[in-house]
Protein chains: 6
Amino acid sequence: MNTVFITRRETFNAAHKLWQPEWSAEKNQEVFGRCANENWHGHNFTLYVTVSGNPDPLTGFVMNLKTLSEIVKREIIDKLDHKNLNLDVPFLSGILASTENIIIAIWEILDPIVEKHGATLAKLKLVETENNFVEYFGGKEPF
Amino acid sequence: MNTVFITRRETFNAAHKLWQPEWSAEKNQEVFGRCANENWHGHNFTLYVTVSGNPDPLTGFVMNLKTLSEIVKREIIDKLDHKNLNLDVPFLSGILASTENIIIAIWEILDPIVEKHGATLAKLKLVETENNFVEYFGGKEPF
Amino acid sequence: MNTVFITRRETFNAAHKLWQPEWSAEKNQEVFGRCANENWHGHNFTLYVTVSGNPDPLTGFVMNLKTLSEIVKREIIDKLDHKNLNLDVPFLSGILASTENIIIAIWEILDPIVEKHGATLAKLKLVETENNFVEYFGGKEPF
Amino acid sequence: MNTVFITRRETFNAAHKLWQPEWSAEKNQEVFGRCANENWHGHNFTLYVTVSGNPDPLTGFVMNLKTLSEIVKREIIDKLDHKNLNLDVPFLSGILASTENIIIAIWEILDPIVEKHGATLAKLKLVETENNFVEYFGGKEPF
Amino acid sequence: MNTVFITRRETFNAAHKLWQPEWSAEKNQEVFGRCANENWHGHNFTLYVTVSGNPDPLTGFVMNLKTLSEIVKREIIDKLDHKNLNLDVPFLSGILASTENIIIAIWEILDPIVEKHGATLAKLKLVETENNFVEYFGGKEPF
Amino acid sequence: MNTVFITRRETFNAAHKLWQPEWSAEKNQEVFGRCANENWHGHNFTLYVTVSGNPDPLTGFVMNLKTLSEIVKREIIDKLDHKNLNLDVPFLSGILASTENIIIAIWEILDPIVEKHGATLAKLKLVETENNFVEYFGGKEPF
């Protein structure tokens, strides 16, 4: 075994708000602060997708990054970029749009597709601002 | 004369859309593309405020950056951060929310205040994404 | 289990020197080089605090990042920012101010506080320059 | 045990192409795309070398980063910087110059040298562009 | 007049060497050092294209950045990306491939095209490494 | 005339404090805030040195960046790196160590040396933190 981890970075710009519909506006404001602004706010999100595997002897690739980029763009970026994460995204419907919940939803989509291409989805990292980011390893203890 | 230029960086996260109300939805889509998404999108904006002057002999300061930061936060960041630039900001009311128009509106607010503090507003830079930014020098030919 | 890792970035600017009081000046110079400059030097330090847990069903949060930021600022940043790490910081008293030793000391403070808030301190990263950083996982083998 | 991980960043600028000599030019073009350009292309590579260990009680160091930097420069950077990775580098001779294969080759060189200095090579990260990077943990499951 | 400056960033990865054919190999080595490596080296180049003008009253745009990006990609990036700047680029033929000479050649191409779109090419910036970059204002004294 | 501007980046890590000896400790605290901490604080400073001129027909260089880097390292970086800017630097003796005053002092040293090498010192930029920087053009109105 000679596992190598390769990562592809993609970006999307989106609006969202943090809002729990079971709560009053006051309670939302109290818990989520400025992130509960009724008319939305937004971010430049950066998504890092890490897959692992043994390099192929003929290509030297764990997985062709062009293929990985196309998958991430088609399945994730095209659906999130220049969208409202609360209103416009079927795979986030009914989910409170915290970065934690978004990264889990992205994992559910990418994991089986990466597996079909002979690699393993190892890690996702979703950067919301220069000060805040989340990482997810499929719920497992991480690397 | 010994003019030095000092710059303070501040950030805000906001939603907006590019939308010309005199046009049809189709025309807006054609001109502004994904930026015309009806339900908004958003960015992490970064604002650089540059002021110029001679360093004060006693403080070594063109202007106290703590003062400059407080002015920019009070006059600009508090009004734009976690807001919808099309809906929530009085000083952008009726203005198409392009970065060009936003930077001009910010200049109009900051220019007289900086002058009252004995310095000169020399340049604004507003970064929308890692690929796009605008700069403004009060409409004058720049440095 | 659906463990997500969230990270908050904070910064502080501080002076320090690397100096082993049991050694002569020559020996300190030999081992620590320019870092042993008697009159100190300094850095813009960047601290990344990563906590893990399951997202709360109501908030979507592993931990409210506003709370985490307030804890890190109150317990760490306010005590290190614009300070001399060898002279001004009670929790570093008697400790050689290497980044390795500083990160361990920060862990000891933050670990029990994060636990009281229902999350787990998973990782600290302390960046000293663009070329040098340390990471700590509580002494455990890391992720 | 109180394992800390310290990282040193080094950079090199090099030319390479992705080319499988067992294949036709058409097949190389099909698999590797623009990366198969016959006359080479190049990158600013960034290498992060992470070593782990317990901080020395006298120095506070897992390993002297000056020593680590000298090793990485002498063994790796001097051999890769301003070189052609396919033609000029003995330790990459006969190896398809993918980042996956390069990072494995670097590990083989650094691992025994770091061990002689009393620390453990824990991780390598090789950044090819802002969008692509690889990580390697000696073939083991990572942290 | 209300001149605003807008900038688009694009990137390309290329091989080159600094080599003066009128000189001996020794002289090339002496003047250009490692940059004269016979088998090339390479960089991740970043190009910033700044155009100026008055924002259009209907669009709020100095120039549609999508249009500017398409021009820069078609005229410059497609011809330089994953190429050898000494061998593969017609518009650099016979030109010593220093960043100074490259940026002048890019200006000659973009300047008339930007003008046809009703804006003015104001500045180019070409970043070769994190330590080195050049700027060009059409040979004029700059802003 | 075909003026091109080339820039070299160098870094230094230093301690300093903002302190006006003609004032009381209270007055210093009031004006300079945390920057007046008696036992110093510090920064990772980044210095950008921009020189201008016409590219040499034989080398394609405005000025050999290796030469420029050696000058900046010998004259500036070696004297500031891992030093106390208030105590250890002859050319800053008696000068209040604000970034404004430091950048003027650096200009006075570099300007005549760059001129001797056939180029013109066009601009200095000194970055103190990610939020604060100063620029200087020899006291002239800038570009």
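Start by selecting chain A and chain B together, and look at where they meet. In this predicted model, 100% of the interface residues of chain A are also interface residues in chain B, so the two copies meet through the same surface. How many residues does the contact take from each chain? Chain A gives 25 residues and chain B gives 25 residues.

Now color that contact by residue. Between them, chain A and chain B bury about 1,900 Å². Of that area, 40% is on carbon and sulfur atoms. If you're wondering why area comes up here, the size of an interface is often given as the accessible area lost when the parts come together.

A turn of 180°, with a shift of 0.0 Å along the axis, puts chain A on chain B with an RMSD of 0.0 Å. The two copies are thus related as by a two-fold rotation axis.

Next, hide everything but chain A and go inside it. Select helix α2(A), residues 65–80, and helix α3(A), residues 99–116. Two packed helices are described by the angle between their axes and the distance between the axes. Here, the axes of α2(A) and α3(A) come within 11 Å and cross at roughly 155°. Are the two helices roughly parallel or antiparallel? An angle over 145° counts as roughly antiparallel, and α2(A) and α3(A) are therefore roughly antiparallel to each other.

From α2(A), the contact uses L68(A), I71(A), V72(A), E75(A), I76(A) and L80(A). Facing them from α3(A) are I106(A), I109(A), L110(A), I113(A) and V114(A). Sorted by class, the contact of α2(A) with α3(A) has ten nonpolar residues, no polar ones and one charged one.

Hop over to chain B and select its α2(B) and α3(B). Their axes come within 11 Å and cross at roughly 155°, so α2(B) and α3(B) are roughly antiparallel to each other. The crossing of α2(B) and α3(B) is right-handed. Among the residues making this contact are L68(B) and I71(B) of α2(B), along with I106(B) and I109(B) of α3(B).

Now bring up chain F and chain C. Their contact takes 25 residues from chain F and 25 residues from chain C. Chain F and chain C bury about 1,900 Å² between them, with 39% of it on carbon and sulfur atoms. A rotation of 180° with 0.0 Å of shift along its axis superposes chain F on chain C, with an RMSD of 0.0 Å. The same surface serves both copies, and 100% of the contact residues of chain F recur in chain C.

For a last stop, look at two pairs that stay apart. Select chain A and chain E: no contact joins them, and their closest C-alpha atoms lie 14 Å apart. Then try chain D and chain F, which do not touch, with their nearest C-alpha atoms 14 Å apart.

Notes: Residues numbered from 1 in each chain as written. Chains lettered and ligands numbered in written order. Predicted model: local features only at pLDDT ≥ 70, side-chain atom pairs only at ≥ 80, totals over all residues. Heavy atoms only, no water. Axes fitted to C-alpha atoms, helices over the stretch in contact; angles between N-to-C directions. Helix = DSSP H or I, 4+ residues; strand = E, 2+ residues; numbered from the N terminus. Parallel < 35°, antiparallel > 145°, perpendicular 65-115°, else oblique. Contact = heavy atoms within 4.5 Å. Nonpolar A, V, L, I, M, F, W, Y, C, P; charged D, E, K, R; others polar. Least-squares fit on C-alpha atoms with pLDDT ≥ 70 in both. Buried area = accessible area lost by both parts, 1.4 Å probe. Left-handed = near helix turned anticlockwise from the far one by under 90°.
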